[in-house]
Amino acid sequence: MFDKIAGRALVPVGIVVTGFLVVCFVLLYAAIKQVVIRDSVTQANNLAGIVLKSTRYAMMKSDAELNGAIIRNISAQNGVQHVRIFNKKGVVAFSSKPEEVNRQVDKKAEGCVVCHEKAAPVTTLGTMQKARTFKNAAGDEILAITAPIYNEPDCANAACHFHPAGQRILGTLDIGLSQEATLHSLALIRMQMLIFSILTLFLTIAGVITLLKMIVLVPMKKLQEYTERSQEGNGTSRPPNLPYELDKIAQSYYFIRAKLNEVEQKPFQQTEKGPVCQHK
């Protein structure tokens with residue numbers, strides 16, 4: 001059981017160390033989570049680029065059957081939830097879900113408002129602006145990438161194509177990826193960090209307690225026992241060897257106690273050696 005000074009010394013140390021580790025845990029996990037999410041978005045954008053390059057030849061040939069086959073094969077990959085291609089008017093031209101084909105999409109929807117929030121549509125998006133997250137009907141977390149399909153010069157100049165050269169955007173690709181693996185990795189990282197933080201907390205507090213007892217509490221206990229023995233006994237013994245300033249305190253107490261003993265003994269000595277009263 002800690003005495004009063006030990007409690008006052010150890011409790012604040014424990015609170016400060018715990019608060020420091022909690023703050024470090026939150027900041028470090030937030031940084032790691034941001035890196036993991038950014039990597040997921042980068043991978044999703046890379047996949048969107050692969051889809052665009054894979055369907056480009058079929059689009060140049062106006063081969064709708066080949067385009068549909070490519071989209072179905074890509075959507076069959078593990079983790080791919082949906083693949084859609086919208087035309088300039090926002091109608092689903094190709095989709096991994098046949099029921100969505102020829103469906104009109106609202107420009108104010110979550111995936112479209114990024115480009116269509118102003119009167120003039122935005123034609124260039126950053127990597128993170130293309131991404132959005134939502135939960136599907138099954139409650140699964142989905143990361144979706146919306147990538148514009150640009151009207152490149154060889155596309156506009158093709159003999160079989162009907163898009164004018166002045167039309168910059170031909171359509172939009174929308175691909176959704178399951179975040180189950182990413183969330184599982186984040187949960188595993190969070191658990192490992194939590195275990196590491198708890199172990200660090202216990203080891204740090206145990207080390208602080210051990211050092212504090214060796215350097216401060218045990219010497220102070222010896223000083224307390226010395227002063228108590230001096231108060232109970234008639235004589236004054238030499239103080240034990242104590243570290244740091246505690247030794248100076250013990251030495252000062254010893255000399256003060258010795259002086260007090262001398263002062264207390266002087267009246268008795270004067271009485272014994274003093275003049276004897278003589279009566280005539």
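Where is Asn102 found? Asn102 sits in the loop between β2 (92-95) and α3 (113-116). Helices (H or I, at least four residues) and strands (E, at least two) are DSSP runs, numbered from the N terminus. The phi angle of Asn102 is near 70 degrees, a positive value in a residue other than glycine. Asn102 is also exposed, with a relative accessible area of 66%. Exposed means over 50% relative accessible area, buried means under 20%, and partly exposed lies in between (1.4 Å probe, protein chains only).

This is a predicted model, in which local features need pLDDT of at least 70, side-chain atom pairs count only at pLDDT 80 or more, and totals for chains, interfaces and linings use all residues. Residues are numbered from 1 along each chain as its sequence is written, and side-chain values use heavy atoms, with hydrogens and water left out.

Now step back to the whole chain. The protein has six helices and five strands. From the N terminus, they run α-α-β-β-α-β-β-α-β-α-α. Of the 280 residues, 30% are buried.

Next, look inside. The largest nonpolar core has 19 residues. Such a core is a set of buried Ala, Val, Leu, Ile, Met, Phe, Trp, Tyr and Cys residues joined through side-chain atoms within 4.5 Å. Ala48, Val51, Val83, Ile85, Ile145, Leu173 and Ile175 touch the most other members. The elements giving two or more residues to this core are α1 (4-60), α2 (64-75), β1 (80-87), β4 (141-150) and β5 (169-178). Take Val51 as a case. Leaving aside residues up to four places away in sequence, Val51 touches Ile74, Val83, Leu173 and Ile175. A contact here means heavy atoms within 4.5 Å.

Which residues does the UniProt annotation "transmembrane region" cover? In the unreviewed entry, that annotation covers residues 9-32 and 193-212. Such annotations may be inferred rather than shown by experiment. In the model, residues 9-32 are 100% helix and 0% strand, with end C-alpha atoms 35 Å apart. Residues 193-212 are also 100% helix and 0% strand, and their end C-alpha atoms lie 28 Å apart.

Finally, turn to the surface. Leu203 belongs to helix α5 (residues 180-232). Why does Leu203 count as exposed? Leu203 counts as exposed because its relative accessibility is 65%.
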